[in-house]
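Thanks for coming. I will go through one structure today, starting with how its parts meet and then turning to single residues.

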Amino acid sequence: PALFEAIAAASVPRLRDFKPQALANTAWSFATAGHTSPALFEAIAAASVPRLRDFNPQNLANTAWAYAALDAPSAALFGDSRFVDGVVAVERAFSSAQLSQLHQWLLWHEERGEAWPRLPAPLAERCRAAFCAVEGASSRLQRDVVRALSALGWQPREEVRTDQGYSLDAVVRVDGRDVGVEVDGPSHFVGREPTGATMLKRRQLRAVGWPLLAVPYWEWNELKGDAARQSEYLSKGVREVVAAAPAA
């Protein structure tokens, strides 16, 4: 955190000299690491708005995703049509990964209830289709957790696609509620703090009412394969998130 704060403090006075790629990459780097810096993101927005016409598809997608990941609303950047106009101008040049980033940005609009300009419906649908086309891959860790859920008699369903387009590692039905279980390996963390992508997924799922149990790899590893401890861990965790979730 101290390193990121030092970078932010050094960058803010110089941002007006940054090229579009440098502006977008700075926002993306902070968001990927899950490090919030409101002053930096306000300054990036102010420096970006006059140059949006010079942003290429990667710059636009990375910027949109970064603000969504860190839940950093910016009326200056998104409150009028200029950002959307920039996206529409290059809409045929976006890669599937970039369209997926834009889908998460659109979900963020809904999450916040902001009246910002939206993408045209056909483009928004392309973004959703690209996001949903990404298939989840089951890891050994995930399979271990699923086996433990099965041992509890919960009949987990794997790689369940939500209405938002996210794929949940597993879903179990407990006390009449569907509960999402996310099994997070090392790539989901910087140290033991969740990455921006992990934070964004968890937040957006919970925002639409999903009771969500996150199983960090180190907590699971600490159970050392003990079936009784694994069952206790999952049973306690699932019932706690059900109890804490808003009424369906």
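Predicted model: local features only at pLDDT ≥ 70, side-chain atom pairs only at ≥ 80, totals over all residues.

Asp-71 sits in the loop between H4 and H5. Its phi is near 50°, a positive value in a residue other than glycine. For background, most residues other than glycine have a negative phi.

What does Asp-71 form a salt bridge with? The partner is Arg-112, and the closest N and O atoms are 2.8 Å apart. This pair links distant parts of the chain, since Asp-71 is in the loop between H4 and H5 while Arg-112 is in helix H7, 41 residues apart. Arg-112 is partly exposed as well, with a relative accessible area of 34%.

Now the overall layout. Domain 1 puts 17 residues into the contact, and domain 2 puts in 16 residues. About 1,200 Å² is buried between domain 1 and domain 2, and carbon and sulfur atoms give 51% of that area.

What holds polar atoms together across this interface? There are 12 residue pairs in polar contact between domain 1 and domain 2. Four elements of domain 1 give two or more residues to the side that touches domain 2: helix H2 (20-32), helix H4 (57-69), helix H7 (96-112) and helix H8 (121-132). The largest share, five residues, comes from H7. By class, that side of domain 1 has 10 nonpolar, four polar and three charged residues.

How many salt bridges cross the interface of domain 1 and domain 2? There is one. In it, the side chains of Arg-203 and Glu-111 meet at 2.5 Å, N to O. Glu-111 lies in helix H7 and Arg-203 in helix H10 (residues 196-207), so the pair ties together parts that are 92 residues apart in sequence. Glu-111 counts as partly exposed, at 26% relative accessibility.

Staying with helix H7, look at Gln-104, which is placed there. Is Gln-104 buried or exposed? Gln-104 is buried, because its relative accessible area is 10% and the cut-off for buried is under 20%. Its side chain makes a polar contact with the side chain of Trp-65, at 3.1 Å. Beyond its neighbours within four places in sequence, Gln-104 is in contact with Trp-65, Ala-68, Phe-131, Tyr-166, Leu-200 and Gln-204.

The buried residues of helix H3 (residues 38-48) include Leu-40, Phe-41 and Ile-44. The buried residues of H3 pack against helix H1 (2-11), H2, H4 and helix H5 (75-78).

Two last items. Glu-159, in strand E1 (residues 157-161), also has a phi near 50°, positive in a residue other than glycine. Glu-159 counts as partly exposed at 25% relative accessibility.

As for salt bridges, the structure holds 12. One of them pairs Asp-178 with Arg-173, with the closest N and O atoms 3.0 Å apart. Asp-178 is partly exposed, at 26% relative accessibility. Salt bridges with shared partners also join Asp-71, Arg-112 and Glu-114 into one network, which brings us back to the residue I began with.

Key. Residues numbered from 1 in each chain as written. Heavy atoms only, no water. Contact = heavy atoms within 4.5 Å. Buried area = accessible area lost by both parts, 1.4 Å probe. Salt bridge = Lys/Arg side-chain N within 4 Å of Asp/Glu carboxyl O. Polar contact = N/O pair within 3.5 Å; in protein donor to acceptor, adjacent residues only side chain to side chain. Nonpolar A, V, L, I, M, F, W, Y, C, P; charged D, E, K, R; others polar. Buried < 20%, exposed > 50% of the residue type's maximum accessible area, 1.4 Å probe, protein only.
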